[in-house]
Each structure stands twice: as C-alpha cells, then as structure tokens.
Amino acid sequence: MNSPQQSDSALVLFSGGQDSATCLAWALDRFAHVETVGFAYGQRHVIELGCRKKLLDGILSLKREWATKLGEAHTLDIPTLGEISDTALTRNLEIEMGEGGLPNTFVPGRNLVFLTFAAALAYRRGISNIVGGMCETDFSGYPDCRDETIKALNAALNLGMARNFDIHTPLMWRSKAQTWSLATELGGKALIDLIVEESHTCYLGERGAGHEWGYGCGECPACDLRAKGWHEYKARRGG
Ligand code: ZN
C-alpha cells in the first residue's frame, strides 16, 4: 500500500555514526514527521547499527517536540552489496590507498544503492524528503558523496518513480568541525555528549578505547577525521 506524498515528512539515512546522528537532529528541527533507515550490507563496522537504539533513545529525551516527531526506525538488509565489493569496509583488509587516488574503503555504488532503497521505502511510506550525511568537504574523495552525484540521482529517482523527492545533504559543504558546531546549534551540549558517547565512526568497528571525541581505534581514517574535526571544533570554541 502506497501512501500519498507528505511534504512535511522525512526519511533520514541513519547509520549510527556522527554524521547521520547530526542529520537526524537537523531533520527533527525541520520536518513534522521523521523516520530513519539503516542498512546492513556486510560492513565490518556493523557495530555502528547497534548504536542506533541508544542514540534514538537519547534524542527522544533531548527535546519534547523531537519525541513527538520521531517515527519508525527501519533496517534494510542488502548483503549483496558486501558480497560483490572487495573493500576494506567489507573484507578483512588493511586500509590503504588504491587505484585512482581512492582508498580501498570505497564501496562502489554504496550511496547510490542506499539512496535508491531509501527512495523506494519513502515511496511506500508517502515521504518526500530524504536526508543523508554525504559530504564533499572533508571526505576521502568518494565520488558518490559529491553534490553533483546526489543531484543527478535525485533527478533520476524522480523520473524513475514519478515522485517529487527532495534529497537533502546538510553536511555537504561542512568540515567535520562544522558538523560538531551544527550539532551544538541543534541540540546544545546534551546532543554533543550523546553523539560523543553513543555514535560510532571507527571503520574497524572498535568500541574499546574512549577518547574525548568518542570511541574507536584512533588510527583509521574515520577515527582520524573525527578526532581532527573535534580538536578543531574545540579550539574554535576556546576549550
Ligand atoms: Zn578507527
């Protein structure tokens, strides 16, 4: 059963990481009804998906109006993506630079697949806004994070599903430090504390070691980016 499209509703790609947690707060600030979707695709850091429940519970308790807006949390299994990708995110490989200047953490087509599944789900749920944490600014040059890619896919999805989806990427032009700042604007220190404590970024799926920016191995590119962004954010705030 497909519902009519609601312009005030949104579906957030929610993995349980820093970026998607910030995107969720951004969506709750703007839309009347917000649902989330996460993908299990055979990622090594599947621990990330397990962080969602505590993050969602934390976000529910932050602001009363957010709690009234937050709807269903969906999880879609797409193991085929992991099966066909030979990458350091889906195999037990060392993270290194590969051909064409792209690290071997690049999962070809990942965001295209995610957004297409998200749109199909949004179609059924009558949701017109899709929110994702793709970012061109501080990333590893993943071509499926580029603004141009997202805009082209948005056009293709609208044509192919005969709907009017709007894909929002609030982090596209923000550095990691600016993403921390955005979270501060949206939910203050309580949201920052929640993201530090409960979100997951580490590519290796490590939760063991605690740092002031959160948990992780502290060495992989994802930890490195998160740590650098955190220190820059703290330096700017004078603390
Ligand atoms: Zn790490």
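Predicted model: local features only at pLDDT ≥ 70, side-chain atom pairs only at ≥ 80, totals over all residues.
H200 sits in the loop that links helix 8 (176–198) to strand 6 (210–211). Leaving out neighbours within four places in sequence, H200 makes contact with G16, G17, Q18, H45, I47, E48, C51, G205, E206, R207 and R226.

Helix 1 has 13 residues and spans 19 Å from its first C-alpha to its last, close to the 18 Å expected at 1.5 Å a residue. Most of helix 1 is covered, with eleven of its 13 residues buried.

What does helix 1 lie against? The setting is an open sheet of five strands, paired in parallel and ordered 3-2-1-4-5. Strand 3 and strand 5 (166–168) form the edges, each pairing on one side only. On average, neighbouring strands of this sheet are turned by 25° against each other, direction ignored. Helix 1 packs on the sheet and touches strand 1, strand 2, strand 3, strand 4 and strand 5, its direction making about 165° with that of strand 1. Helix 3 (residues 52–62) packs on the sheet too, where it touches strand 2 and strand 3, and its direction makes about 170° with that of strand 3.

The pairings can be followed strand by strand. Strand 1 (residues 6–13) pairs with strand 2 in the parallel sense over five bridges, and here V12 stands opposite T36. To get from strand 1 to strand 2, the chain passes through helix 1 (residues 18–30), and this β-α-β crossover is right-handed. Strand 1 also pairs with strand 4 (residues 127–131), again in the parallel sense, over four bridges; in that pairing Q6 stands opposite I127. Strand 2, for its part, is joined by six bridges to strand 3 (residues 70–77), and the two run parallel. A40 faces D77 of strand 3 there.

Strand 2 (residues 33–40) is mostly covered, with seven of its eight residues buried. E35 has its place in this strand. Is E35 buried or exposed? With a relative accessible area of 3%, E35 is buried, because anything under 20% counts as such. Apart from residues up to four places away in sequence, E35 touches A10, L11, V12, G71, E72, H74, R125 and I127.

Finally, the cysteines. How many disulfides does a search of the whole structure find? The search turns up zero. C23 has 0% relative accessibility and so counts as buried. C220, at 5% relative accessibility, counts as buried as well.

Notes
Residues numbered from 1 in each chain as written. Heavy atoms only, no water. Buried < 20%, exposed > 50% of the residue type's maximum accessible area, 1.4 Å probe, protein only. Pairing = 2+ DSSP bridges. Right-handed = clockwise from strand over helix to strand, strands pointing away. Expected span 1.5 Å × (residues − 1). Axes fitted to C-alpha atoms, helices over the stretch in contact; angles between N-to-C directions. Contact = heavy atoms within 4.5 Å. Disulfide = S-S within 2.5 Å.
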